[in-house]
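User: I would like to go through this structure and ask what the terms rest on. Please set each value against its definition.

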Amino acid sequence: MEHDGQLELYTAVADRLKEAHAKVRALQVPEGVRMALTRKLLVITAAAKHDLAEATRRLDRFMADLDEGRFPEGDG
């Protein structure tokens with residue numbers, strides 16, 4: 001049964017990552033900023049493979065930053 005809970009958590013994180021990617025794609029920001037945001041999402045995705053709890057915390061912070069309009073500096 002514990003395995004089912006873990007699978008549900010992975011599914012929830014995957015759904016939130018998809019939502020985050022869609023939000024990033026929809027932003028009207030310079031391409032450099034979009035690339036920086038996408039890199040952050042890729043790091044969070046990689047972290048989810050090893051430490052789901054940490055990835056969830058990172059994703060929470062990332063989404064809060066997006067909602068508050070806090071974006072990384074782009075190089076383009």
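Analyst: A helix here is a DSSP run of H or I with at least four residues, and helices are numbered from the N terminus. The model is a predicted one. Helix 3 is followed by glycine 69, whose phi is positive, near 75°.

User: What makes up the secondary structure of the chain?

Analyst: The chain has three helices and zero strands. Read from the N terminus, the order of elements is α-α-α. Along the principal axes, the C-alpha atoms fill a box of roughly 45 × 20 × 15 Å.

User: What does the comparison give for helix 3?

Analyst: Helix 3 covers residues 52–68, which is 17 residues. From its first C-alpha to its last it reaches 24 Å, close to the 24 Å expected.

User: Why is arginine 34 called buried?

Analyst: The cut-off for buried is under 20% relative accessible area. Arginine 34 has 18% relative accessibility, so it counts as buried. This arginine 34 is found in helix 2, where other buried residues include Val33, Leu37 and Ile44. The side chain of arginine 34 reaches the backbone oxygen of arginine 25 at 3.3 Å.

User: How much of the chain counts as buried?

Analyst: Of its 76 residues, 29% count as buried.

User: Which residues of helix 3 are buried, and how do you know where on the helix they lie?

Analyst: They are Leu52, Ala55, Thr56, Leu59, Phe62, Met63 and Leu66. Seen down the axis of helix 3, the buried residues fall within an arc of 125°, so they line one face of the helix.

User: What lines the largest pocket, and which element gives the largest share?

Analyst: The largest pocket has a volume of about 190 Å³. Lining residues have an atom within 4 Å of a pocket point. Among them are Leu37, Ile44, Arg58, Phe62, Asp65 and Pro72. The elements that give two or more residues to this lining are helix 2 (31–48) and helix 3. Helix 3 gives the largest share, five residues.

User: What classes of residue does the lining of the largest pocket have?

Analyst: The lining has seven nonpolar, no polar and five charged residues.

How values were computed. Residues numbered from 1 in each chain as written. Predicted model: local features only at pLDDT ≥ 70, side-chain atom pairs only at ≥ 80, totals over all residues. Heavy atoms only, no water. Expected span 1.5 Å × (residues − 1). Buried < 20%, exposed > 50% of the residue type's maximum accessible area, 1.4 Å probe, protein only. Arc of directions from axis to C-beta. 1 Å grid on protein atoms, 1.4 Å probe; cavity = no way out; pocket = protein on both sides within 12 Å on 5 of 7 lines; lining within 4 Å. Points joined across faces, edges and corners; volume = space filled by probe spheres on them. Nonpolar A, V, L, I, M, F, W, Y, C, P; charged D, E, K, R; others polar. Polar contact = N/O pair within 3.5 Å; in protein donor to acceptor, adjacent residues only side chain to side chain.
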